[in-house]
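Look at the fold below before reading on.

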Amino acid sequence: MPEGPSVKRFQLLTAPFVGQVVAKVGGSSRQRNLKDLKATRLQDSQASGKNLFLAFGAALEAWALGGSPSPGPVEEEPTIQGKADRGACSLALAQEGQEEDVAQLSPEEHSVRRKQETECSVPDASDAAGDTWKWLRFHFGLFGSIRANEFSRANKANKRGDWKDPVPRLVLHFDSGGFLVFYNCQIHWCTSPAVEPASDILSPKFHRGQALAALRQPTSICYTLLDQRYFSGLGNIIKNEILYLARIHPLSQGSLLALSALESLLDHAVQFSTDWLHKKLAGKGLHYQIYLKEKCPLGHEVMQGTFGPQDGFKRLSWWCPQCQPRVPPEGNDPKSLKH
């Protein structure tokens with residue numbers, strides 16, 4: 001699924017449209033009041049962890065009263081950091097943020113995820129909006145994406161042998177002639193963006209002390225890394241890669257690891273996420289060290305297991321027993337281990 005670097009790239013795709021007026025709304029979404037976005041102006045675009053927030057407001061604003069021309073699109077340089085801003089979304093993000101890539105979900109969990117893809121609605125868009133702006137939150141689930149000024153095309157035939165293009169969830173056409181296309185995402189109204197820069201691994205305000213304290217808990221380290229309260233935007237790919245880079249077994253308990261090892265893990269989390277974003281912006285792919293691999297870069301056999309807290313979703317992990325020796329846990333082995 002799209003992790004923090006992907007969502008930040010999505011935000012950068014939407015940024016040039018800020019300041020433009022929505023001329024037409026399309027797509028298959030059943031979310032109520034989306035048609036009301038027509039003739040509104042895209043006012044802001046923010047990314048936080050695995051969520052994208054777009055704000056819409058009246059097209060006629062203060063400058064119109066003074067006779068000044070309406071501003072054109074606001075261009076944003078492709079920097080790594082998004083805005084650290086305000087507010088709290090009306091929906092809980094921490095649990096939702098732990099959705100991961102399709103490769104690591106069981107059939108039962110797929111069923112749960114499909115149910116979660118059902119879009120909720122609000123009685124009235126104005127009730128869910130702020131004082132002057134209406135905010136939409138986009139969560140990209142397992143397969144979500146955004147395209148600017150182009151539609152996604154089928155790259156292979158379906159089971160029936162038909163070549164059918166993906167159906168957009170939402171299409172926003174702007175008065176400039178450009179358009180944004182949203183695929184396979186959940187769309188919700190919210191009161192304001194839930195931006196927590198202290199937990200966002202791509203934010204300059206990422207709070208290392210807070211993250212380090214979380215890692216030192218007597219909990220399997222792979223559980224903590226996917227906790228969006230402390231590592232917003234960190235998903236299963238990043239988790240597996242940085243644990244290998246730091247030479248830490250996914251089930252090692254944080255409270256038993258050396259402080260230097262946890263600090264190294266934090267360094268890898270930030271650096272890997274930043275490098276991944278740079279590659280995305282440059283149109284380059286990511287070379288995995290351990291994720292989905294049968295052997296590690298040193299030629300050792302890679303193990304695969306499904307780990308997760310008893311009351312949470314399980315995630316696939318890949319690790320090298322030789323490069324990532326397990327630190328003995330306090331008590332019995334976690335029952336969540338499956339080979």
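Two residues are in contact when heavy atoms of theirs lie within 4.5 Å. Helices (H or I, at least four residues) and strands (E, at least two) are DSSP runs, numbered from the N terminus. This is a predicted model, in which local features need pLDDT of at least 70, side-chain atom pairs count only at pLDDT 80 or more, and totals for chains, interfaces and linings use all residues. Residues are numbered from 1 along each chain as its sequence is written, and side-chain values use heavy atoms, with hydrogens and water left out.

## The whole chain

The protein chain holds eight helices and ten strands. It has 339 residues, and 50% of them are buried. Here buried means under 20% relative accessible area, exposed means over 50%, and partly exposed lies in between (1.4 Å probe, protein chains only). The chain exposes about 16,000 Å², and carbon and sulfur atoms supply 52% of that area. Accessible areas come from the Shrake-Rupley method with a 1.4 Å probe; for residues, only the protein chains shown count as cover. Take the contacts between residues at least 6 apart in sequence: 73% of them join residues at least 24 apart.

## Helix α5 and the cores

Which residues of helix α5 are buried? In this helix, residues 208-215, they are A211, L212, A214 and L215. Seen down the axis of α5, they fall within an arc of 160°, so they line one face of the helix. The arc is that of the directions from the helix axis to the C-beta atoms. An α-helix has 3.6 residues a turn, so residues three or four places apart point the same way. The cover over the buried residues of α5 includes α6 (221-225) and α8 (259-281).

L215 also belongs to the largest nonpolar core, which has 39 residues. A nonpolar core is a set of buried Ala, Val, Leu, Ile, Met, Phe, Trp, Tyr and Cys residues joined through side-chain atoms within 4.5 Å. With L215, the residues with the most contacts inside this core are I221, L225, F231, L234, I242 and L265. At least two residues each come from α5, α6, α7 (236-245), α8 and β10. Helix α8 gives the largest share, seven residues. Another core, of 25 residues, lies apart from it, with F17, L172, F174 and W189 among them. In soluble globular proteins, nonpolar side chains tend to be buried together.

Go back to L215. Leaving out residues up to four places away in sequence, L215 touches I221, T224, L225, F231, G254, S255, L262, L265 and L266.

## Aromatic rings

Rings of Phe, Tyr and Trp (its six-membered ring) pair if their centres lie within 6.5 Å; planes under 30 degrees apart count as stacked, over 60 as edge-to-face and the rest as tilted. By this rule there are ten aromatic pairs. Two of them are tabulated here.

| Pair | Centre to centre | Angle of planes | Type |
|---|---|---|---|
| Y288 and Y291 | 5.0 Å | 85° | edge-to-face |
| Y291 and W318 | 4.9 Å | 70° | edge-to-face |

The pair of Y291 and W318 links distant parts of the chain, 27 residues apart. Y291 sits in the loop between α8 and β9 (303-307), while W318 is in strand β10 (residues 315-319). Y288, Y291 and W318 form one aromatic cluster. How covered are they? Y288 is partly exposed at 22% relative accessibility. Y291 is buried at 3%, and W318 is buried at 6%.

## Two positive phi angles

Most residues other than glycine have a negative phi, and most peptide bonds are trans. N33 is not a glycine, yet its phi is positive, about 75°. This residue lies in the loop between β1 (22-26) and β2. N33 is buried, with a relative accessible area of 18%.

R247 also is a residue other than glycine with a positive phi, near 60°. R247 lies in the loop between α7 and α8. It is partly exposed, at 37% relative accessible area. R247 lies over the face of Y244, 4.3 Å from the ring centre. A charge sits over a ring if NZ of Lys or CZ of Arg is within 6 Å of the ring centre and within 35 degrees of the ring normal.

## A buried serine

S45 belongs to strand β2 (residues 40-48). At 3% relative accessibility, S45 is buried. S45 and Q11 are 34 residues apart in sequence, but 6.4 Å apart in space, C-alpha to C-alpha.
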